[in-house]
Amino acid sequence: MPYPYVLLSAAVSLDGYLDDTTAERLLLSSPADFDRVDEVRASVDAILIGAGTIRADNPRLLVNSADRRHARVAAGKPEYPLKVTVSGSGDLDPAAHFWHTGGDKVVYTTDRGARRAEALGIAADVVPLGPDLDWRRLLEHLHDERGVRRLMVEGGGTIHTQLLQQGLADEVQLVLAPLFVGDPDAPRLFGPGAYQGGRLRLTETRRIEDVVLMRYEPTAPGTGPLPSAADRHWLALACELAAQCPPSDTAFSVGAVIVAADGTELARGHSREAGDPVVHAEEAALAKLDPADPRLATATVYSSLEPCARRASRPKPCARLILDAGVRRVVTAWREPDTFVTAADGNGLLTAEGVDVVVLPEYAERARVANLHLSG
């Protein structure tokens with residue numbers, strides 16, 4: 001199921017703390033950065049914080065700029081983004097500012113927590129997720145039932161850790177403040193084992209007064225049949241590569257990327273690459289690698305179109321090439337239509353051989369763009 005784009009936002013000290021242990025909230029951002037955060041809030045559909053952050057900071061979580069609120073209304077959006085919190089226990093303070101400022105609110109909780117929250121009279125929609133909190137169900141509900149396409153997560157550290165750990169964070173916006181906390185009892189941004197999949201990709205650095213904004217995106221593929229945020233990034237790249245294909249009236253334009261388990265790009269390719277009129281995208285990418293490369297066994301192949309199961313131009317179809325390379329996971333966007341091969345089922349061939357095949361149909365339209373000439 002499609003999820004919202006999930007943006008984690010936080011500010012930390014030079015030694016990695018979110019706050020100190022005093023009763024007063026430690027202000028880590030500069031005035032200009034607070035304004036930047038306000039701008040980001042105004043750009044999203046929903047803002048999420050944990051119940052612990054409500055208890056500790058009692059935030060209002062508003063878009064403070066009147067101009068930005070007016071711009072939201074002019075664009076047909078609510079004046080304020082949806083405010084979201086998560087609480088396993090449902091132990092929430094009905095008098096907190098969170099419930100009595102801004103626009104609509106929703107609480108995601110467990111079945112037990114929902115009974116407690118409703119008994120407290122919390123001024124919000126209460127959505128039980130079952131016996132335990134389930135982030136994938138939460139994100140699906142936000143996307144499908146509340147129309148949330150961009151979600152900003154402002155904490156706390158436990159929630160940031162869980163979303164990153166489960167491969168559900170599309171972006172991290174981290175502000176580094178020029179001070180030290182130095183208290184081992186103070187809260188940190190990420191808990192133990194927050195990210196176990198290699199390096200993140202730095203996409204931007206920006207000085208804002210005396211703080212530095214750094215933006216990162218995850219690179220490590222998901223594992224098994226569950227998609228991750230990094231899977232979406234790599235599949236989007238595969239779809240972009242399809243646009244580099246020389247057009248053909250007798251074959252699809254396809255892009256492919258092969259990515260190691262730690263997020264290292266191993267190879268990329270596209271149909272009809274390097275003047276070869278019949279080479280396929282996955283074939284072109286695999287040809288750039290040593291067949292004995294041990295990273296292939298845990299790599300993921302991203303292809304804008306389902307790998308072919310039958311072809312006339314070469315002895316082996318791409319699904320067989322992937323199997324022969326030892327790759328055990330494939331992510332694709334678009335099931336092959338009957339344009340050239342009837343009832344093609346490369347995904348079925350791969351699945352029958354034990355490969356985890358993940359289909360992200362929300363990217364199918366991007367994959368079709370490079371092939372619009374075939375439908376006209």
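A polar contact here is a pair of N or O atoms within 3.5 Å; within protein, one must be able to donate a hydrogen and the other to accept it, and residues adjacent in sequence count only if both atoms are side-chain atoms. Keep that in mind for the first stop. You have a predicted model open, where local features need pLDDT of at least 70, side-chain atom pairs count only at pLDDT 80 or more, and totals for chains, interfaces and linings use all residues. Residues are numbered from 1 along each chain as its sequence is written, and side-chain values use heavy atoms, with hydrogens and water left out.

**Stop 1: Ser30**

Select Ser30 and Glu209. Their side chains make a polar contact at 3.0 Å. In sequence the two sit 179 residues apart, yet in space they are 6.7 Å apart, C-alpha to C-alpha. Ser30 belongs to the loop between strand S1 (5-12) and helix H1 (31-43). (Helices, H or I with at least four residues, and strands, E with at least two, are DSSP runs numbered from the N terminus.)

Is Ser30 buried or exposed? Ser30 is buried, with a relative accessible area of 4%. Buried means under 20% relative accessible area, exposed means over 50%, and partly exposed is in between, using a 1.4 Å probe and protein chains only. Now show what Ser30 touches: Ile208, Glu209, Asp210 and Val211, leaving out residues up to four places away in sequence. Touching, or contact, means heavy atoms within 4.5 Å.

**Stop 2: Ser9**

Step back to strand S1 and pick Ser9. Ser9 counts as buried at 6% relative accessibility. Setting aside residues up to four places away in sequence, Ser9 touches Met152, Val153, Glu154, His160 and Gln173.

**Stop 3**

A salt bridge is a side-chain nitrogen of Lys or Arg within 4 Å of a carboxyl oxygen of Asp or Glu. How many turn up in a search of the whole structure? The search finds 24 salt bridges.

Start with Arg36 and Asp33, whose side chains meet in a salt bridge at 2.6 Å, N to O. Both residues lie in helix H1, three residues apart, which is about one turn of the helix. Both Arg36 and Asp33 are buried.

Back to Glu154: its side chain meets that of Arg41 in a salt bridge at 2.7 Å, N to O. This pair links distant parts of the chain, with Glu154 in the loop between strand S6 (150-153) and helix H7 (157-165), and Arg41 in helix H1, 113 residues apart. Arg41 is buried, with a relative accessible area of 14%.

**Stop 4: helix H8**

Select residues 229-242, helix H8. At 1.5 Å a residue, its 14 residues should span 20 Å, and the end C-alpha atoms are 21 Å apart, which agrees. (The expected span is 1.5 Å times one less than the number of residues.) Of those 14 residues, 13 are buried, so H8 is largely enclosed by the rest of the structure.

Asp231 forms a salt bridge with Arg329, the closest N and O atoms being 2.7 Å apart. Asp231 lies in H8 and Arg329 in strand S13 (residues 329-334), so the pair ties together parts that are 98 residues apart in sequence. Both Asp231 and Arg329 are buried. For a group, select Glu171, Glu204, Arg206 and Arg215: salt bridges that share partners join these residues into one network.

**Stop 5**

Strands of a sheet pair through backbone hydrogen bonds, either parallel or antiparallel. Two strands count as paired if DSSP finds at least two bridges between them.

Select residues 82-87, strand S3. Six of the six residues are buried, so S3 is largely enclosed by the rest of the structure. Leu82, Val84 and Val86 point one way, while Lys83, Thr85 and Ser87 point the other way.

Look to strand S2 (residues 46-50), which runs parallel to S3 and is joined to it by five bridges. Here Ile49 has Thr85 as its bridge partner in S3. Strand S4 (residues 105-109) also runs parallel to S3, joined by five bridges, and Val84 has Val106 as its bridge partner in S4.

**Stop 6: the five-stranded sheet**

Finish with an open sheet of five strands in the order S11-S10-S12-S13-S14, with mixed pairing. Its edge strands are S11 (265-270) and S14 (356-359), each pairing on one side only. Zoom in on S10 (residues 255-259) and S12 (residues 300-305), which pair in the antiparallel sense over four bridges. There, Val257 stands opposite Tyr302 in S12.
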